[in-house]
Structures are given as C-alpha cells and as structure tokens.
Amino acid sequence: MEQKDTNTEEKKKINFLHSLRGTISNTVSIAVALDIVIVLLLVVPGFSAAISNQAKNNMLNVAEAYANAMDNALAHEDGSDTLYEELLGNVTLEGVGSAYIYMTDEDGNILHHPQADKIGTQATSSVIQEVVSELGSGNVPANDVKEYEYNGSKKYVAYAVMDNHSIIAMTAEEDEIRSISQSLTTRAIIVAVVLVCISMICAYSVALRIAKPLERMAGILVDTSRFHFRPNGNMDKLYRRKDEIGAISRATHVMRKNLRGIVGDIDEACEQLQQNTDQLKESSNEINTVCTDNSATTEELAASMEET
C-alpha cells in the first residue's frame, strides 16, 4: 500500500498555475500589465488635454500667420475676392478635416468663406460677435482661441485682428479634435495589449528554460528513489550546464554514484551472508548426520548389553 502511494505521488502532475512556469509567467505578465495600466491612467488624461491645447495653438498660429499675410498684401493692393481666395482659399489644419478659415470686416460681415453663399452675411459665431462688439467700442481684443456652440455642437474658433480691424478666424469641431486624442489613446491601449502579450511569451520562454531542466532533474531523482541507477542521457546534458541547475546536477551525480556504491556494498554483503548461511546449513546437516549415527551406535550397544 505504501509503495502504491509513493508511485502515485511520483506520477502526480503539477498544475500549471502552481508550476514554476506558471508562477514566473503570471508574475511577469501581471507586473507588466499593472505598469502599463498605471502609465495609461497617469498619462492619457494629460495627453488628451495636451492634444487639445496643441490643436488650439496650431489654429491660433494659422489665424495669426494669415492675418499678417493679409496685412502685407493689403498694404500693396485693395482687398478683393480674388485676393482673399488666393491667400485663404486652400488653408486647412492637418489632421482636422472640419477646420476652415474665413475672414470678416470690423462689423462682422463675412468677406471670405469656404461656402460662397455665406459671403456678405453676418458671422454667426458668438465669439466673433463679441470681438466685433469690442472693436465697436474702441477696444482691440488680443488674439485668442475660444469655445462656442453652433447648432448644438461645440466648436473652437481662433481669431486674429488685422491692422484694419478685419478678422481672420479659423474654426474646427471640438468632437473631431477630441477624437484625435481618443484615437491615439486607443492605439496606446492596443500597443499596451501587444506589449503584455509579448511579455507573456518572453516570460513563458524564460520560465520554460528554467523549468524544463528541473523537470528532467525530477525524473532522474524519481529513478534514484527507485534505486534505478542506469545511465541517463538527460544527466549528461544537465551535468555540463554552468548555472545553478548544472551545480545541482553535479551534486546529484555524486549522490547517485555514492548510492550506487552503497547498494553495491549491500549486494556484496547479502551474497556473503547467503554464503555463510549455506555453510551454516551444511554444518548443521553434518552435525545432524553425526548425531543420528551416534544414536544408532548407542542403540546397538544397549542391545548388546541386554544380550549378555
């Protein structure tokens, strides 16, 4: 019964979660995942704000640059639809499809717009109307970027006031600018997932390089526990390793060699004991034979004495 239990224990497989491979793989994967999650939680909110601020700054830079360009052009010629179209007709903001630029006079009347039917109409942006109001009161507001609502959607508008108090404005949908940061966030998450997968594969590979020799070592120790000392090809490979596993293998090799010597000595002692037992048995048989002969002789002598 005890032998059966021992064999069962030897053949019992180790669950992956409890194995060295599972422990190393899970520990590394969880650590990398936690690091990435913490980085995302700390970086993404600020990253989204940075993207929005960068887009606003770009819009303001474009508005100011074309306001300066228009000031320079109007210094040499009168304003016209041709001039406005030449300078402002193809202005866009890279990566923001909803962005466009338009121009109004100091009263808010649109002088140039991508939609031709709006030329000559009053600018509907509340921000531009505020700027026009400031100009009407004799104040020249500083160039800036502000938010406003138009038809239920939020928009950004960057404006720059020209020397003649005309206004160059660039506007863009807030949702599109936010979608850029969301898209980059999604990419960051995808990259994070890929990195976790790669770390899991690397961790498993490293764990396998550690655990596989130990599994072979366990098989050798099982053979040793059964007093099977036959040569093992795995032992030769492990013996030549220069790491800790190699040191364990060499120590195991010495142990097996010593155990083999002990078992050999026991076998020799058993043979010697068997020989002594056989000799003792032969001596016992001889003594028994002699005793039997003496008993017969005694009986004969007793019979002869009775006859006399």
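**Reading local features between strand 4 and strand 5**

Author: His165 is placed in the loop between strand 4 and strand 5. The model is predicted.

Reader: Is His165 buried, partly exposed or exposed?

Author: Buried means under 20% relative accessible area and exposed means over 50%, with partly exposed in between. His165 has 26% relative accessibility and therefore counts as partly exposed.

Reader: Where does Ser166 lie, and is Ser166 buried or exposed?

Author: Ser166 lies in the loop between strand 4 (153–161) and strand 5 (167–173). Its relative accessible area is 6%, so Ser166 is buried. Leaving aside neighbours within four places in sequence, the contacts of Ser166 include Met103, Thr104, Asp105, Glu106 and Leu111.

Reader: Which side chain of opposite charge is nearest to Lys155?

Author: A salt bridge requires a side-chain nitrogen of Lys or Arg within 4 Å of a carboxyl oxygen of Asp or Glu. Lys155, in strand 4, is buried and has no salt bridge; Glu173, the nearest side chain of opposite charge, is 4.1 Å away. Beyond neighbours within four places in sequence, Lys155 is in contact with residues including Tyr100, Tyr148, Tyr150 and Glu173.

Reader: Which residues gather in a patch of negative charge on the surface?

Author: The patch comprises Asp265, Asp267, Glu268 and Glu271. Glu268 is located in helix 7 (residues 244–307). With 54% relative accessibility, Glu268 counts as exposed.

How values were computed
Residues numbered from 1 in each chain as written. Predicted model: local features only at pLDDT ≥ 70, side-chain atom pairs only at ≥ 80, totals over all residues. Heavy atoms only, no water. Patch = residues over 30% accessible without salt bridge, like charges linked within 9 Å, V, L, I, M, F, W, Y side chains within 5 Å. Areas by Shrake-Rupley, 256 points an atom, 1.4 Å probe, with all protein chains shown as cover. Lys, Arg positive; Asp, Glu negative; His and termini not counted. Charge placed at Lys NZ, Arg CZ, Asp CG, Glu CD. Helix = DSSP H or I, 4+ residues; strand = E, 2+ residues; numbered from the N terminus. Buried < 20%, exposed > 50% of the residue type's maximum accessible area, 1.4 Å probe, protein only. Contact = heavy atoms within 4.5 Å.
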